[in-house]
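The exercises below are meant to be worked through with the sequence and the model side by side. Try each task on your own before reading the solution that follows.

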Amino acid sequence: MTQIKIFDTTLRDGEQSPGVNLNQLEKLELAKQLERFGVDVMEAGFPASSKGDFEAVKQIAETVKNVSVAGLARAVKSDINACRDALINATNPRLHIFIATSPIHMEYKLKKTPEEVIETAVEMVEYGKQFFDHVEWSAEDASRTDLDFLTKIIEKVIDAGATVINLPDTVGYTMPREYGAMFKYIKENVPNIHKADLSCHCHDDLGMALANSVAAVENGATQVEGTINGIGERAGNASLEEFAVALKIRNDYYPYHTNLVLNEIKRTSDMVSKFTGMTVPGNKAVVGRNAFAHESGIHQDGVLKNAQTYEIITPELVGVHSNNLVLGKHSGRHAFTDKIKQLGYDLPEDKIKEAFKAFKLLTDRKKEVTDEDLFAILTDIQTDTSNVKRYKLDNFQVQYGSNDQPSATVSLSNPNNEKVKDTSTGSGSVEALYNTLDQIILEETHLTDFQLNSIGQGRDALAEVHVSLTVDGKTVSGRGSAQDVLEAAVQAYLNGVNRAIYQKKAI
Ligand SMILES: [Zn+2]
């Protein structure tokens, strides 16, 4: 069995998804989870792009130790220097340099001749090699690149010291057989290709990302790049969890395996969807809510007689547990602390105290608190940026009647620690609340997106709201979870504004 290395780019390509912006604490928590999940390499960010990204990469590099941490750089010295500085304390750092090689990108974007592109690529790989043992080089838009040119440039960058050659389908244009053939051609025609790992990186614009990744592996790729839940620019990237489970389930057919810890899939997926606000569709392979639900009578009957009739993946394989009933009203501090340890959380004493308080409040309203509820509480507390001054909700009230105009009253304390209270109306309850908040909040705030989901099932499920906002011209996301839909909506809005304040301080 050949091991296929997994290069996760959730924190870089995934974070570039429209509307997604993670704060440093979230990136760090996600990095720790990716380490538990067992990825071989994680691309932690693009250090030259902003101070915030630089700091996040640095912090991740200093925290995770069992995974190689990569930073992305354009083929310019300043980007490479930023990666060098951000990854200085990494146990196993990797530099990832990219340059476009397709005619359209070279001519219109880079405004360079093919010869100049080769020269720059070689020069920058050599430059990077002074600081890094592992240099990955990507031919951006490889799948639309002339094969002879690709062969030539790859040979030269390997000579210059590149240890991984990545051939992305940047615009998600290629078909599986075509993409596979490119790998085969490179494998057969680049004389020094045995000195480097071949890697694929696929986008899902035509829905081919996973099939293309498999085709690349069939033809010699030993590294697969992708993201959790397939998030990423436009239609997203190949889903790593789908790739890993496909290889596992079909190991009778393919002689490949990954080192991913499959029963960490559910948790990793939940964390990504919570942090990014990109909800996983119910019918998504492997991680969708319905992936294991059998609805039709014939299927149910078959599964009851023998699960294998219709079930090729067991929920347990990917870490979905049906019996996750946990704590209730009478659970004490001790049971609670045990449980959060069991769930893999490592919180300082003051945060445990805060979490226990939130848990007790929840048990007043909800009979059974599930793993999913705890996950919501704990991640909120873990990634809370409360050490900065912020808006804090005291109380709110909504008047709603189906024939009246809704009105809302909100009182909160602002970042200057002043208590403020105001009232406004709107065409719905949420709008009335948000109009009131806008009157109180000092920053210029606009709502651009609003999503409401439930955590878990049943009448007493928690509500989770994700919002996208612009705060003083900057785009941020916010989220809130509460027993009540309106409270979750208010919390999400305030969370977004508070994050904008936090980011302003961090940069
Ligand atoms: Zn990409």
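**Exercise 1.** Which residues does H201 touch, not counting residues up to four places away in sequence?

*Solution.* Keep in mind throughout that this is a predicted model. Begin by locating the residue: H201 is found in strand β8, which covers residues 197-202. Next, list its partners, which are T9, R12, D13, N166, L167, P168, D169, Y179, E225 and N237, once residues up to four places away in sequence are set aside. Then look at the side chain, which makes a polar contact of 3.3 Å with the side chain of H203. Finally, consider accessibility: H201 has a relative accessible area of 5%, and because buried means under 20%, H201 is buried.

**Exercise 2.** Find the protein donors of the zinc ion and describe how they are spaced in sequence.

*Solution.* The donors are D13 through OD, and H201 and H203 each through NE2, lying 2.0 to 2.2 Å from the zinc ion. Written as a pattern, their spacing in sequence is D-x187-H-x1-H. Distant parts of the chain are thus linked, since D13 sits in the loop between β2 (5-8) and α1 (24-37), while H201 belongs to strand β8, 188 residues apart. Both D13 and H201 are buried.

**Exercise 3.** Why can the residues that UniProt marks as "binding site" be said to gather at one spot?

*Solution.* First take the annotation: the unreviewed UniProt entry places this feature at D13, H201, H203 and N237. These residues span 225 residues in sequence, yet no two of their C-alpha atoms are more than 10.5 Å apart, so they gather at one spot. Now turn to N237, which lies in the loop between β9 (223-226) and α9 (240-249) and counts as buried at 3% relative accessibility. Leaving aside neighbours within four places in sequence, the contacts of N237 include D13, H201 and H203.

Note on methods:
Residues numbered from 1 in each chain as written. Predicted model: local features only at pLDDT ≥ 70, side-chain atom pairs only at ≥ 80, totals over all residues. Heavy atoms only, no water. UniProt positions renumbered as here; feature names shortened; annotations may be inferred. Helix = DSSP H or I, 4+ residues; strand = E, 2+ residues; numbered from the N terminus. Buried < 20%, exposed > 50% of the residue type's maximum accessible area, 1.4 Å probe, protein only. Contact = heavy atoms within 4.5 Å. Polar contact = N/O pair within 3.5 Å; in protein donor to acceptor, adjacent residues only side chain to side chain. Donors = N, O, S within 2.8 Å, 3.2 Å for Na, K, Ca; no water.
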